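Please read these points with the structure open beside you.

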Amino acid sequence: MKTKHSIPVVACLVAAGLVLAASPSWTDQREQRSNPPPRMRDAVQDFQTPREVPRTRTEQQLSDHDRSNEFNATMAQPSSEAFAQQPDQGKVLGFEFYRDPLDAKRPMTTFAEVYNKDVSDKPRVMAAQRALLEKRYDLTPRFSSTARMSRGKPVPVGPTARLQGVSWEQLASMPWDQIKAQNLFPYPPLPHPKQATGGQVFPDIQIKMFPRLQRFDVDYDLPEAFIPEFPPAIFLQSRPELGDVSRGEVVSINNFERLFKEILTPVQLDGLRMLLTPLPQEEFNATDDRKSAAPSQGVACLDCHVNGHTTAQFHLSPDIRPQERRFRLDTVSLRGMYNQQIHSSKRSLRSVEDFTEFEDRTAYFNGDHIHAAKKGLIQLDRVRVSHMAQMQNMFDFPPAPKLDPAGRLYRNLATPAELAGEEIFYGKGRCVQCHMPPSFMDQQMHDLKLERLTREPGDGPIKTFTLRGIKDSPPYLHDGRCFTLEDTVEFFNIVLNLQLTREEKSNLVSFMQVL
């Protein structure tokens, strides 16, 4: 797209010669790379947003025909007068899938009507979600004095869940049926703020940088203190000596080549390009059936998995129906994909390639290939999919200097609390039964049978996720219902009837913070 007037070719050549003559050497350029890059616009936003221009040309002026309503479907003339004698006069009067927005309450509903209603309902929707969170949790952030995420954000501490007239010790000693009967379990499922619509929701700190990810019907609900840092660090298993290669930037289509062309292979770089390329999605697309104010090119894989990690974006599980039975799904990190043999919380996919392809075909559209056909499904060929998979396999866990190659603590480096926590992890806490070192997962799916404790149905088997680098990834569990590691320990102390003491729980958290 041209944004400036053309420059004569000769002038271009002269200017190029002057630039080359005045340019610093290749080695000088390398020395200058430590300087922060200039602030850039979002290339995706620019790509999908036309620029307003003055209507000065004759052909730009609107005629009476342009302003008429004859383009409306209700104004179309029937192709035969005989239709007047047929049922419904030959018209389709019900919901039309290709035309009407999803869940429209009547046919011929316009985008403006959906938009205005959703915008009007939004304050009430978010107030209800905020009231629910405040009822369940103490949202006042508290932070560890020692534990930090990989780029320095303090790790939140808890537990944050509110108890109802009992102590943690009393609750952990109660029979499960009593907890259920009295509705005392402090970690029921965390709901999506707008279940009927569902879909991907992005945190405010990300939307400030990428406004194209803003929804008009719902906002992000969790306090910033309880989500990962933004931008997250990036670690590459192909170049461990480099440490964090993000250089404090959110990787996007704007900067990926500058950051990685000398670090990644051409195949990996192309895979990264594809992971940063937006594709149509259920709530972000070019149809009237969207939740962005303007038509959208879609979202990219790394819009959710920012820097190959996560900033706690959430949506709904694509693998369950009906809609009210689906559960909230927190975005997981892609770190350590190279060591994972099953993928997705429910689908148990067996390769990164399948995961990549099926995410595009189904999860982007809430497990619905029919909606995908309407909104712009793009069939990725296997070459591109393999490139994307190879790039995902490069994302590594953060360094864990206190762990030996087998995943056990170096006793000369660990604190007494961490060593005691390791003993709990491998013993009384039973954590190792599912989270086996060195990647701290078991390549299995497990059913915690939470229906024993809550009035909601259980979630069934869910994949075991890794605990490596776990302090970088709040909130916890598949739906984010545990805001801190302390909440997670309390959750399992009740669910598995572990009977951990207060000191044992504290030590277990200390151990997990060094994984």
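1. Contact here means heavy atoms within 4.5 Å. Helices (H or I, at least four residues) and strands (E, at least two) are DSSP runs, numbered from the N terminus. The model is predicted: local features need pLDDT of at least 70, side-chain atom pairs count only at pLDDT 80 or more, and totals for chains, interfaces and linings use all residues. Residues are numbered from 1 along each chain as its sequence is written, and side-chain values use heavy atoms, with hydrogens and water left out.

2. In the helix pair, Val267, Gln268, Asp270, Gly271, Leu272, Met274 and Leu275 of α10 meet Arg384, His387, Met388, Gln390, Met391 and Gln392 of α14. By class, the residues of this contact are six nonpolar, five polar and two charged (Ala, Val, Leu, Ile, Met, Phe, Trp, Tyr, Cys and Pro count as nonpolar, Asp, Glu, Lys and Arg as charged, and the others, Gly among them, as polar).

3. The second largest pocket holds about 550 Å³ of space, a volume being the space filled by probe spheres set on grid points that are joined across faces, edges and corners. A pocket is an open set of points on a 1 Å grid over the protein atoms alone, where a 1.4 Å probe fits, with protein on both sides within 12 Å along at least five of seven lines; lining residues have an atom within 4 Å of a point. Of the 24 lining residues, Asp103, Lys105, Val114, Asp118 and Lys291 lie nearest the centre. Helix α5 (residues 111–136) gives the largest share, eight residues. The lining divides into seven nonpolar, two polar and 15 charged residues.

4. How many of the eleven residues of α16 are buried? Ten are, in this helix of residues 485–495 (buried means under 20% relative accessible area, exposed over 50%, partly exposed in between, with a 1.4 Å probe and protein chains only). Among the buried residues are Leu485, Phe491 and Ile494. Their cover includes β2 (154–156), α6 (168–173), α7 (176–181) and α17 (502–512).

5. Most residues other than glycine have a negative phi, and most peptide bonds are trans. The bond from phenylalanine 230 to proline 231 is cis, with omega near 5°, and so is the bond from proline 437 to proline 438, with omega near 5°. Proline 438 is in the loop between α15 (416–426) and β5 (445–446).

6. Arginine 430 lies in the loop between α15 and β5 and has a positive phi of about 60°. Arginine 430 is partly exposed, at 35% relative accessible area.
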